[in-house]
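Trainee: Before we look at single residues, could you show me how to read the features of a model like this one?

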Amino acid sequence: MPAWWIAFGPHGPRAEPHPDEPWWLFTRTLGAMVLTLVIFIIIRQFARDPPKTMNKEWQEATNEYLKSQNTEPITGVSSEGYKGRGMVQSGPRKGPPPDEDEE
């Protein structure tokens with residue numbers, strides 16, 4: 001009898017779930033998500049400003065440079081009839097233009 005209970009008893013993967021298990025799982029998952037959000041917000045508070053190259057004007061100038069260098073002439077910015085955005089992925093720069101010595 002004890003060998004049967006050890007092999008087939010209500011424990012391990014065959015155990016019945018605790019009646020509060022769905023609520024426990026929901027609260028722990030929600031708590032982990034809130035903790036993650038708080039950590040993300042704290043990290044973003046101490047982050048530096050985005051680099052000066054992350055603005056539309058700089059990226060449009062990069063497109064012009066790539067065209068002048070004939071980069072990717074088959075499918076890229078330099079190809080005939082290209083209609084994509086190229087390197088432009090950001091909106092216009094917010095605030096005053098950066099100083100020349102700023103990095």
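Predicted model: local features only at pLDDT ≥ 70, side-chain atom pairs only at ≥ 80, totals over all residues.

Mentor: Residues are numbered from 1 along each chain as its sequence is written, and side-chain values use heavy atoms, with hydrogens and water left out.

Trainee: How many helices and strands does the protein chain have?

Mentor: Helices (H or I, at least four residues) and strands (E, at least two) are DSSP runs, numbered from the N terminus. Here there are three helices and zero strands, and the order from the N terminus is α-α-α.

Trainee: What share of the residues counts as buried?

Mentor: Buried means under 20% relative accessible area, exposed over 50%, and partly exposed in between, with a 1.4 Å probe and protein chains only. By that scale 11% of the 103 residues are buried. The chain exposes about 9,500 Å², of which carbon and sulfur atoms supply 63%, the areas coming from the Shrake-Rupley method with a 1.4 Å probe and, for residues, with only the protein chains shown as cover.

Trainee: How many aromatic pairs does a search of the whole structure find?

Mentor: A pair of aromatic rings is described by the distance of the centres and the angle of the planes. Rings of Phe, Tyr and Trp (its six-membered ring) pair if their centres lie within 6.5 Å, and planes under 30 degrees apart count as stacked, over 60 as edge-to-face and the rest as tilted. The search finds one pair: the rings of Trp23 and Phe26 have centres 5.7 Å apart and planes at 35°, so the pair is tilted. Both residues lie in helix H2, three residues apart, about one turn of the helix; Trp23 is exposed at 58%, whereas Phe26 is partly exposed at 45%.

Trainee: Where is Ser78 found, and which residues does Ser78 touch?

Mentor: Ser78 is in the segment after helix H3 (56-68) and is buried, because its relative accessible area is 18%. Contact means heavy atoms within 4.5 Å, and, leaving out residues up to four places away in sequence, Ser78 touches Leu66, Lys67, Asn70, Thr71, Glu72 and Pro73. A polar atom of the Ser78 side chain lies 3.1 Å from the backbone oxygen of Leu66 and 3.0 Å from the backbone oxygen of Thr71.

Trainee: What is the phi of Asn70, and what is the phi of Glu72?

Mentor: Most residues other than glycine have a negative phi, and most peptide bonds are trans. Phi of Asn70 is, however, near 55°, and Glu72 has a positive phi of about 50°.

How values were computed: Polar contact = N/O pair within 3.5 Å; in protein donor to acceptor, adjacent residues only side chain to side chain.
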